[in-house]
Amino acid sequence: MSETITTTTTVTKGRPEAIYETFERKSGKDKLTTHYCPGCGHGRAQKLVAEAISEMGLGDRTIFISPVGCSVFSYYYMNTGNVQAPHGRAPAVGTGLVRARPDSIVISYQGDGDLAAIGTAEIIHAANRGENMTVIFINNAIYGMTGGQMAPTTMVGQRTLTTPSGRNAATEGHPMRMAELIATLEAPVYVERVSCTDVKNIHKCRKAIRKGLQLQVERKGFSFIEILATCPTNWKKTPQDSIKWVQDVMEPYFKPGVYKDISATVQPLPRPEPKTDRKELEKILGLQSGKTVAKTTGKIGERRIKIAGFGGQGALTAGAMLATAGMNDGLQVTWLPSYGPEMRGGTANCSVVISDKRIGSPLVTQPNVLIAMNRPSLDAFEQEVAPGGIIMVNSSLIDRKVARTDVKAVYAPFTELAAGLGLKAAANAVAIGVFLAHEKSIDRERIYEVLRTSFKKKEAVETNIRAVDAGYEYKA
Amino acid sequence: MKLPAVEIKSNQCKGCGLCIDSCKPGVLSLSKAFNLLGYQYAEYKQSGCTGCEACYYACPEPGAISIHKEKKVQVQR
Ligand SMILES: Cc1ncc(C[n+]2csc(CCOP(=O)(O)OP(=O)(O)O)c2C)c(N)n1
Ligand code: SF4
Ligand code: SF4
Ligand code: SF4
């Protein structure tokens with residue numbers, strides 16, 4: 001017969017399991033404390049997040065996204081999956097994560113410069129799509145990491161590095177209430193603002209974080225928890241005065257409270273089925289399977305090509321076609337378009353490198369081949385061509401000869417030849433033909449293949465093929 | 001030591017004093033000495049802790065404060 005007896009054991013509340021015991025990723029000797037300043041709100045908030053992850057048993061499923069800002073090094077501390085996102089992009093990165101790994105718990109942890117300034121678009125749209133993620137928004141009314149510049153959440157009158165006489169609403173706008181803003185959207189399930197100040201309010205933070213994570217576990221969708229937090233260093237206040245400042249100055253404007261909660265009525269989101277089948281993906285993306293076996297001899301060295309013309313002449317497309325053809329031929333290729341104000345009339349250009357070895361840089365500063373489709377292009381790039389290189393000139397539009405004597409010049413009326421086929425827009429295909437006639441790096445058949453996949457209409461394919469042939473066969 | 005009790009790892013403390021403010025019974029104080037990081041650190045007066053955990057949540061450092069408590073458990077024999 002068994003009897004029940006009551007004994008006592010010792011229990012300890014200490015560092016949450018979801019925070020590493022030692023911070024091996026952190027540089028320097030001290031691997032036991034965080035890099036946060038004394039009294040920093042990040043430390044408290046992150047400890048609460050880690051505690052929730054640990055106690056809810058989510059450590060093995062969680063992906064914590066570190067933002068840019070003082071919490072950029074969260075991956076030193078969080079004993080979870082970690083991703084560090086570019087400034088403001090955490091919700092976009094998170095979107096990828098929740099869709100590709102639907103069983104993960106994704107936490108987008110962001111500061112107010114990160115979320116409410118540079119990342120405004122990402123947060124609004126992730127919220128609007130109702131991505132199944134939990135956003136922890138640390139509102140400390142300033143850019144911490146960079147030394148105390150004004151954030152969108154900076155209080156009116158608050159002195160920062162960039163508002164030395166205090167934020168002026170007339171010139172710098174009003175502090176943005178992100179929780180309220182997000183709550184107006186249809187999709188978010190739960191939006192709350194909490195204030196990480198005294199014991200009572202810290203417990204409210206704790207509860208809100210748990211609720212956000214629980215809703216994600218239940219696939220209920222997007223939750224947003226704004227935490228009013230301190231930055232004693234940049235506020236130039238003691239940790240005690242900082243807490244008081246949150247209470248006296250921030251709270252009356254950024255009122256804590258639940259701004260939206262439809263969690264009781266909302267249905268769980270369907271679990272997306274990520275497609276990981278290679279064959280299927282190749283089909284969706286229109287990719288070929290596996291590596292192409294080189295069809296030409298492949299020993300072409302490295303050809304550095306610049307194609308330039310005015311916007312609409314198809315210089316960029318011609319470059320992309322050449323590069324694609326080279327790639328299909330098993331060669332290494334790069335294609336680098338150059339956009340800019342030139343797109344409106346002057347010169348639009350692209351750089352193409354086709355090589356039988358790995359390519360070091362996609363920049364073409366000294367082309368072996370220049371295809372000049374209009375006069376400004378020839379004027380702009382003639383001097384850059386490497387000695388011994390070749391310049392292909394669209395003589396329909398360029399009324400001068402190549403001045404250089406140390407390069408080979410080829411003249412062909414790209415535009416007239418194309419117009420003769422009834423499609424002026426195919427001047428770029430003529431240019432490709434001229435290129436192929438003088439540069440034996442790619443087989444003409446490879447270009448035909450590219451043309452066949454580039455155009456939907458059969459006539460367009462055929463006219464372009466004829467344009468390539470016209471350029472190829474043209475004799476000056 | 002009598003439980004409940006708070007344990008503060010002096011070399012993980014940054015001396016912000018937030019735990020001290022949060023402690024209702026007032027059993028925490030700041031040391032005169034400096035720790036390895038160069039901060040004066042929080043110390044327990046060695047009695048009077050109620051185990052309320054307020055200081056634990058007030059502290060921004062993950063490992064600086066631990067609270068030890070007794071818990072009654074029932075075991076089958
Ligand atoms: C694309 C880009 N722009 C600007 C910066 C510079 N930068 C680093 S942190 C930061 C602001 C961070 O402020 P906040 O998000 O409020 O975080 P806190 O440091 O206060 O936690 C800026 C502007 C950057 N790293 N990357
Ligand atoms: S600068 Fe401010 S936000 Fe950054 S670690 Fe220090 S106190 Fe925290
Ligand atoms: S647990 Fe409570 S009583 Fe004990 S030291 Fe911390 S705040 Fe004070
Ligand atoms: S709150 Fe933490 S870091 Fe601050 S004095 Fe107390 S133990 Fe030290």
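Contact here means that heavy atoms lie within 4.5 Å of each other. The views below come from a predicted model.

**Figure 1. Overall view of chain B, with its contacts and its secondary structure.** In chain B, residues 24 or more positions apart account for 57% of the contacts with a separation of 6 or more. The chain contains two helices and four strands, and these follow one another along the sequence in the pattern β-α-β-β-α-β. Taken along the principal axes, the C-alpha atoms of chain B fill a box of roughly 50 × 25 × 20 Å. Of the 77 residues of chain B, 48% count as buried, while the chain exposes about 4,100 Å², of which carbon and sulfur atoms supply 52%.

**Figure 2. Close-up of ligand 3 and its surroundings.** Ligand 3 sits in the second largest cavity. The shell around ligand 3 is made up of 13 residues, and the closest of them are C23(B), C49(B), C52(B), E53(B) and C55(B). Divided by class, this shell has ten nonpolar residues, two polar residues and one charged residue.

**Figure 3. Close-up of ligand 2 and the residues of chain A that surround it.** The surroundings of ligand 2 consist of Y36(A), C37(A), C40(A), H42(A), C70(A), N140(A), C231(A), P232(A), T233(A) and N234(A). Helix α9 of chain A, which spans residues 232-235, supplies the largest share of this shell, namely three residues. By class, the shell around ligand 2 divides into six nonpolar and four polar residues, with no charged residue.

Figure 4. K236(A) is placed in the loop between α9 and α10 (239-253) of chain A. Most residues other than glycine have a negative phi. K236(A), although not a glycine, has a positive phi of about 55°. Its relative accessibility is 69%, and K236(A) therefore counts as exposed.

Figure 5. Most peptide bonds are trans. The peptide bond from L3(B) to P4(B), however, is cis, with omega near -5°, and P4(B) has its place in the segment before β1 (5-8) of chain B. Q46(B) lies in the loop between β3 (40-44) and α2 (54-58) of chain B, and because its relative accessibility is 48%, Q46(B) counts as partly exposed.

Figure 6. The relative accessible area of R304(A) is 16%, so R304(A) is buried, and A308(A) counts as buried because its relative accessibility is 0%. Leaving aside residues up to four places away in sequence, R304(A) touches V352(A), V353(A), S361(A), P362(A), L363(A), V364(A), Q366(A), P367(A), N368(A) and V369(A). With the same exclusion, the residues that A308(A) touches are A315(A), A348(A), N349(A), I371(A), A372(A), M373(A), N374(A), S377(A) and F381(A). A308(A) and A380(A), which are 72 residues apart in sequence, are 9.2 Å apart in space from C-alpha to C-alpha.

**Figure 7. Close-up of helix α16 of chain A and the helices against which it packs.** In helix α16, which spans residues 444-454 of chain A, the residues R446(A), I447(A), Y448(A), V450(A) and L451(A) are buried. An α-helix has 3.6 residues a turn, so residues three or four places apart point the same way. The buried residues of α16(A) pack against α12 (315-328), α15 (427-438) and α17 (458-473) of chain A.

Figure 8. M56(A) is found in the loop between α1 (41-55) and β2 (62-66) of chain A, and with a relative accessibility of 24% M56(A) counts as partly exposed. When residues up to four places away in sequence are not counted, M56(A) touches R210(A), L213(A) and Q214(A). The C-alpha atoms of M56(A) and V217(A) are separated by 9.9 Å, although these two residues are 161 residues apart along the chain.

How values were computed. Residues numbered from 1 in each chain as written. Chains lettered and ligands numbered in written order. Predicted model: local features only at pLDDT ≥ 70, side-chain atom pairs only at ≥ 80, totals over all residues. Heavy atoms only, no water. Near = heavy atom within 4 Å. 1 Å grid on protein atoms, 1.4 Å probe; cavity = no way out; pocket = protein on both sides within 12 Å on 5 of 7 lines; lining within 4 Å. Sits in = over half its atoms within 2 Å of the grid points. Nonpolar A, V, L, I, M, F, W, Y, C, P; charged D, E, K, R; others polar. Buried < 20%, exposed > 50% of the residue type's maximum accessible area, 1.4 Å probe, protein only. Areas by Shrake-Rupley, 256 points an atom, 1.4 Å probe, with all protein chains shown as cover.
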